Amino acid sequence: MEKSSSSASLESLNIAQTFFTPIHQATPPSPTKHHTKISVIGVGNVGMAIAQTILTQDLVDELALVDSNPNKLRGEMLDLQHAAAFLPRTKILASVDYAVTAGSDLCIVTAGARQIARESRLNLLQRNLELFRMIIPPLAKNSPDGILLVVSNPVDVLTFVAWKLSGFSSNRVIGSGTNLDSSRFRFLIADHLDVNAQDVQAYIVGEHGDSSVALWSSISVGGVPVLSFLDKQAIKYEKETLENIHKAVIQGAYEVINLKGYTSWAIGYSVASLARSILRNQRKIHPVSILAKNFYGIDGEVFLSLPAQLGRAGVLGVTNAHLTDEEMQQLRDSAKTIMEFQTQLGL
Ligand SMILES: NC(=O)c1ccc[n+]([C@@H]2O[C@H](COP(=O)([O-])OP(=O)(O)OC[C@H]3O[C@@H](n4cnc5c(N)ncnc54)[C@H](O)[C@@H]3O)[C@@H](O)[C@H]2O)c1
């Protein structure tokens, strides 16, 4: 006869107690200890790179995976569970049902339709909009106090879509934006100057895409502002070299996709760094896609990347970086590009 699930769990409890003698007078867990949970929607290349980075970095107590393909989903869940002996202890769950995401602190959305041959960007966006209509409302319902982090492309417009569909306050809806572009930028500058990328402070803001803006005026290495230092020392630098570095940042994703078919590792680390700043309340500044209205002279309801401080409540604030007139104009142009695209959705 089949056992009921309650008698089965009672039995496993008894077995656990036979195997391991509990110390009943031991201090109970601190009531302030918060159980943390992340859900990752979409277990493709990007979702799995994020999931495995989160696991290796010991960021949560529970990780829930959701995908529309049940076989792939179960396969990925089992494959990760089988690494339990080598990883920090994390409960890994997976289901096509959004109930599995209930009570998440952070929901990371990576599900997305891929561009098909000769398909326009707008058509792709329309297909992703339909997909988000299936994903965002059940996520918001199951984790009404959680934070949404959108990774699917085009990330800025889809973060706007997630904000509209969730009904969440804007500080709890974030797009991974140019956090990855900025990491590529820092890598290329570090490579050019032969220094450690972690010592390079440099930001790409605006659209995660072709109209992104490199903030050259605020780049510093080990606390030394690069452009003014070169100016003061009368060291000649070529504008073209700088422009080529920015071009290489924009081309970076296309190059990786042409070579290996998709990007995964860098976006995995990039999103895990955002998850850490949010869940561990790090108040760290990341260039991420946020509601930009009223910042840097932007007046529309548009999501694009600005240097934002992240913590347990989501977006805590925006840095007032000093932008040159040219950078300011480029940022407004970037906002206009996203806005023109966004208004075609009629949301
Ligand atoms: N923002 C960034 O910096 C960045 C970087 C890399 C990739 N991306 C984007 O991330 C997305 C995912 O890329 P990928 O390479 O992992 O793609 P992929 O095709 O490997 O994975 C997509 C996954 O989404 C799942 N899916 C499709 N419809 C779904 C639905 N309705 N509900 C749940 N799951 C669904 C698919 O089954 C698949 O497992 C793309 O939009 C890509 O452009 C963004």
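**Close-up views of helix packing, domain contact and ligand shell**

**View A. Helix 6 (residues 179-193) packs against helix 8 (residues 239-260) at an angle of about 135 degrees, with the axes 9 Å apart.** A friendly word before we go on: this is a predicted model, in which local features need pLDDT of at least 70 and side-chain atom pairs count only at pLDDT 80 or more, while totals for chains, interfaces and linings use all residues. Residue numbers start from 1 along each chain as its sequence is written. Helices (H or I, at least four residues) and strands (E, at least two) are DSSP runs numbered from the N terminus. Axes are lines fitted to C-alpha atoms, for helices over the stretch in contact, with angles from 0 to 180 degrees between N-to-C directions. Helix 6 and helix 8 are therefore oblique to each other (under 35 degrees is roughly parallel, over 145 roughly antiparallel, 65 to 115 roughly perpendicular, and the rest oblique). From helix 6, D181, R184, F185, L188, I189 and H192 make the contact, and they meet I245, A248, V249 and G252 of helix 8 (contact: C-beta atoms, placed from the backbone, within 7 Å). By class, this contact has six nonpolar, two polar and two charged residues (nonpolar: Ala, Val, Leu, Ile, Met, Phe, Trp, Tyr, Cys and Pro; charged: Asp, Glu, Lys and Arg; polar: the others, Gly among them).

**View B. Helix 2 (45-56) meets helix 9 (residues 265-279), with axes that come within 8 Å and cross at roughly 50 degrees.** Helix 2 and helix 9 are therefore oblique to each other, and their crossing is right-handed. Helix 2 brings V46, A49, I50, Q52, T53 and I54 to the contact, while helix 9 brings W265, I267, G268, Y269, V271, A272 and A275. Sorted by class, the contact of helix 2 with helix 9 has 10 nonpolar, three polar and no charged residues.

**View C. Helix 5 (residues 155-166) and helix 10 (residues 325-343) have axes that come within 10 Å and cross at roughly 55 degrees.** That angle makes helix 5 oblique to helix 10, and the crossing of this pair is right-handed. D156, V157 and F160 of helix 5 make the contact with I338, F341 and Q342 of helix 10. Four nonpolar, one polar and one charged residues make up the classes here.

**View D. Domain 1 (32-175) and domain 2 (179-345) come from the domain assignment of the protein.** Bounds of this kind are taken from an automatic or database domain assignment. The C-alpha centres of the two domains lie 23 Å apart. The contact takes 32 residues from domain 1 and 31 residues from domain 2. On the side of domain 1 that touches domain 2, the elements giving two or more residues are helix 2, strand 4 (106-109), helix 4, strand 5 (147-150), helix 5 and strand 6 (173-175). Helix 2 gives the largest share of that side, seven residues. The residues of this side of domain 1 divide into 20 nonpolar, nine polar and three charged.

**View E. The ligand lies between domain 1 and domain 2, because both give residues to the shell around it.** Of the 29 residues around the ligand, G42, G44, V46, G112 and N153 come nearest (a residue is near a molecule if its C-beta atom, placed from the backbone, lies within 6 Å of it). Helix 2 and helix 4 (121-142) each supply at least two residues of the shell. By class, the shell has 13 nonpolar, 13 polar and three charged residues.

**View F. Two backbone details to zoom in on are a cis peptide bond that joins N153 and P154 and the positive phi of D58.** Omega of the bond between N153 and P154 is about -5 degrees. P154 lies in the loop between strand 5 and helix 5, and N153 is one of the residues that come nearest the ligand. Phi of D58 is near 55 degrees, in a residue other than glycine. D58 has its place in the loop between helix 2 and strand 2 (62-66).

Definitions and conventions
A crossing is left-handed if the near helix is turned anticlockwise from the far one by less than a right angle, and right-handed if clockwise. Two residues are in contact if their C-beta atoms, placed from the backbone, lie within 7 Å.
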